[in-house]
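Biologist: Please go through the model with me, one topic at a time. I would like the cut-offs along with the values.

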Amino acid sequence: MPENILFAFGLTLMAGLATGIGSILAFFTSRTNTRFLSLALGFSAGVMIYVSMIEIFVKAQDALTGALGDGLGNWITVGGFFGGMVLIAIIDKFIPKQSNPHELKKVEDMNKQNVDQDPALLKMGVFTALAIGIHNFPEGIATFTSALQDPALGVAIAIAIAIHNIPEGIAVSVPVYFATGDKKKAFKLSFLSGLSEPVGAIVAFLFLMPFLNDVMFGVIFAAVAGIMVFISLDELLPAAKKYDEAHMSIYGLIGGMAVMAISLLLFI
C-alpha cells in the first residue's frame, strides 16, 4: 500500500506540473503549434471520455451495486456521476471569464502587447494562476484516487490531464508576463498553479482514505467519471476546435479513444 500511495502521488505531481511545460513553450517558441495542440487536446478528451464511460463509471457501478444492491447502487452511481459534473461546473461558474483557464492564450500574444509594470495587471495575473489552481484541484483528487485503485488506469488519466495542462500553463504565463515583464515570475506562478493537483491528492489521502470502503470508493469513482466527462466536453474539445486545423481535434479524439481501448484490452 505505501508503494501504491507514492506511485499515485507521483503521477498526480507529474500531471500537475505539466503547466510548467506550457510556460516554457510560451517563452522559448515564437508561435503556438496549433495543429499539435488541437491533436493533443482532442487525444486527451478521447482518453478521458472513453475511460470515464467504459472503465471508471463501470467500476463505480460494480462497487456500489455490490455493496448496496442493484436498485440503490445504480441510483447512487448516477447521482455521483452528475454530482461530479455539478462540482466542476460550480468551480467554473465562480471563475471570472478573463481568468478562466478555458480562455485560450497563444504564444504570439506575448509579442502583440507592450509589457507595462502595472500593479493592477500583476494582480490580474496572480488571480489567473489562482483560478487555474482552484480549477485543477479536483483533477488531483481524480488522478490520485484512480491511480490508487488501478495504477494502469491512473497512468492513462495522468497523461491525459498532463496534456491538457500544457495550454493552461500558457494561459498563466502570458498575462503574468504582460503584468511584470519578468519571465521567471511568470514561470514560477505557472509552475505553482500546477501544485494544486498534488494538493488535491494530499487532501484525498488525508480525508478520504480513512473512510475508503466499497461505497466511498464507488461514489468517488462515479464523481471522477463525471468530472472527466465535463472537462472533456466543456474545456478540451472546445479548446481543440479553437486551435483546430483540418479536423485534427477529431482525429485526436478518435485516436485517444482507440489507444485507451487497446490499453484496456491489453493491460487493465
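Modeller: A cavity, on a 1 Å grid over the protein atoms alone, is a set of points where a 1.4 Å probe fits but cannot get out. Points are joined across faces, edges and corners, and a volume is the space filled by probe spheres set on the points. The model is predicted: local features need pLDDT of at least 70, side-chain atom pairs count only at pLDDT 80 or more, and totals for chains, interfaces and linings use all residues. Residues are numbered from 1 along each chain as its sequence is written, and side-chain values use heavy atoms, with hydrogens and water left out.

Biologist: How many cavities of 30 Å³ or more are there?

Modeller: The second largest cavity holds about 30 Å³ of space. By this rule the count is 2.

Biologist: Which helix gives the most to the lining of the second largest cavity?

Modeller: Lining residues have an atom within 4 Å of a point; here they are Phe144, Thr145, Leu148, Ala204, Leu208, Met209, Leu212 and Ile220. Helices are DSSP runs (H or I, at least four residues) numbered from the N terminus, and H5 (119-149) and H8 (196-208) each supply at least two lining residues. The most, 3 residues, comes from H5.

Biologist: Is Thr145 buried or exposed?

Modeller: Thr145 sits in helix H5, and its side chain reaches the backbone oxygen of Ala142 at 3.3 Å. Buried means under 20% relative accessible area, exposed over 50%, and partly exposed in between (1.4 Å probe, protein chains only). At a relative accessible area of 13%, Thr145 is buried.

Biologist: Over what arc do the buried residues of H7 lie?

Modeller: The buried residues of H7 (residues 183-193) are Ala186, Leu189, Ser190 and Ser193. An α-helix has 3.6 residues a turn, so residues three or four places apart point the same way. The face of H7 turned away from the buried side carries the exposed Lys184 and Lys188.

Biologist: What kind of pair do the rings of Phe81 and Phe82 make?

Modeller: Rings of Phe, Tyr and Trp (its six-membered ring) pair if their centres lie within 6.5 Å; planes under 30 degrees apart count as stacked, over 60 as edge-to-face and the rest as tilted. The whole structure has 4 aromatic pairs. For Phe81 and Phe82 the centres are 5.2 Å apart and the planes at 85°, so the pair is edge-to-face.

How values were computed. 1 Å grid on protein atoms, 1.4 Å probe; cavity = no way out; pocket = protein on both sides within 12 Å on 5 of 7 lines; lining within 4 Å. Polar contact = N/O pair within 3.5 Å; in protein donor to acceptor, adjacent residues only side chain to side chain.
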